[in-house]
Structure formats: structure tokens, C-alpha cells
Amino acid sequence: MYKLGRGAVKTLLTPFYRFEVIGYENIPKEGGVLICSNHISNFDPPVVGITAAPRQVHFMAKAELFKVPVLGPLVRSFGTFPVKRGMSDREALRVALKILKDGKILGLFPEGTRSVNGELGKGLSGAGFFALRSNAAVVPCAIIGPYKAFSRLKVVYGKPINMEELREQKASADVVTEVIMAEIKNLIEKNK
């Protein structure tokens, strides 16, 4: 179902956006990967999903989406799982860590919500938590828009962040999130 859905999304989006993917080779071909991206549009998850192919990218999505008839089962069939926003959702944390420990890809938007002005916001500590609690490669990603019909949309994947040094220093989740956000900001500034 995922491959079929990814193909359908790519077919729908490609005529409207000219994707330029930079740094695809920075996504490890195997093992757990945490892709951390800025968040400027509702289209960001499918865009990361199709540009990180052929590996499947799993995402968290607000729990309310899963209650919508037709949409809920469809979203779930693409490997997306619910998260209750505004509170600590232990089940979502458990599912996300299992995805990473099982050697799969988790796509995360550290800002937690879309940017209203397109500028990179402050990251939440969840990104640092997942980076520290797993042995996954942490790959920063920058989506550089805007999402305008028939315009170029850049998706830039940076080199995996060296987590060994941060783990040895026993860095906090907040500090690790700041490092991740700095890498995303750097990708945006270098590729505008």
C-alpha cells in the first residue's frame, strides 16, 4: 500500500512542483534513521516521503486525523501513527522508538507544528529525545519553498549529525534539539 500511495502522491505533486533533491546520498540505505525537517506546509510529510524513497518514512500525525472517516485508515496505511498533541503521549513515544530500533526511518518535524511565516521556529525536545534514546542516524532536512504551483521546491538532506560526541557529553534532549535545529538552519541558509 505504501509504494502505491507514494507513487500516487508523486504523480499528483510532480506536475505542480519541480522537486530538486540535494544530498539524497546522505540518507543511510539501512538501519534506523531520524529525518528532522523544518515544517512549512501540510505537504511536507508526503514530500519527505517521496524524496527519501525507496525506504518508507514513518510519521507521527495529530490524533484527530485518525478519527476522520476514510482519511484515518488511509493515513494509517501509509505507516503514520497518532500522537496526542499538548501532552506527553507515552504510546507515541514507544511506537517512534520501536520504528528506529527496528532499523526503519522516522520523519519528524521538531518545531511540532507548521511555521506560520515560513521561518524556522524553535525545536521541541522530542527530536533530541529520539536522537539520544536510539542509535539511529540523525539526518537534518530543509524544505525550501515556497509551495507555489509550477515553482521549484528544494529538499536538502544534510550529512548525519555526529551523535557520539553528544552522547559522550551526556547532552540533554534540549541541547541535542538545538544542534539539530542549527543544522537545519544551516541547510536553509546555504541552499536558498
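Glu 91 is partly exposed, because its relative accessible area is 45%; partly exposed means between buried (under 20%) and exposed (over 50%), with a 1.4 Å probe and protein chains only. Glu 91 also forms a salt bridge with Arg 94. This is a predicted model: local features need pLDDT of at least 70, side-chain atom pairs count only at pLDDT 80 or more, and totals for chains, interfaces and linings use all residues. Residues are numbered from 1 along each chain as its sequence is written, and side-chain values use heavy atoms, without hydrogens and water.

**Salt bridges**

- The count comes to four salt bridges, where a salt bridge is a side-chain nitrogen of Lys or Arg within 4 Å of a carboxyl oxygen of Asp or Glu.
- In the pair Glu 91 and Arg 94, the closest N and O atoms are 2.6 Å apart.
- Glu 91 and Arg 94 are three residues apart in helix α4 (residues 90-101), so about one helical turn separates them.
- Arg 94 is partly exposed, at 45% relative accessible area.
- Arg 167 and Glu 164 meet through their side chains at 3.6 Å, N to O.
- This pair sits in helix α6, three residues apart, so about one helical turn lies between Arg 167 and Glu 164.
- Glu 164 is partly exposed, at 46%.
- Glu 20 forms a salt bridge with Arg 152, with closest N and O atoms 3.6 Å apart.
- Glu 20 is in strand β1 (residues 17-22) and Arg 152 in strand β7 (residues 151-157), so the pair ties together parts 132 residues apart in sequence.
- Helices (H or I, at least four residues) and strands (E, at least two) are DSSP runs, numbered from the N terminus.
- Glu 20 is partly exposed at 26% relative accessibility, and Arg 152 is partly exposed at 45%.

**Second largest pocket**

- The second largest pocket holds about 300 Å³ of space, the volume being that filled by probe spheres set on grid points joined across faces, edges and corners.
- A pocket is an open set of points on a 1 Å grid over the protein atoms alone, where a 1.4 Å probe fits, with protein on both sides within 12 Å along at least five of seven lines; lining residues have an atom within 4 Å of a point.
- Its lining has 14 residues, and Gly 118, Glu 119, Leu 120, Ile 188 and Lys 192 lie nearest the centre.
- α7 gives the most to this lining, with three residues.

**Loop residue**

- Ser 172 lies in the loop between α6 (163-168) and α7.
- Ser 172 and Phe 129 are 43 residues apart in sequence and 8.1 Å apart in space, C-alpha to C-alpha.
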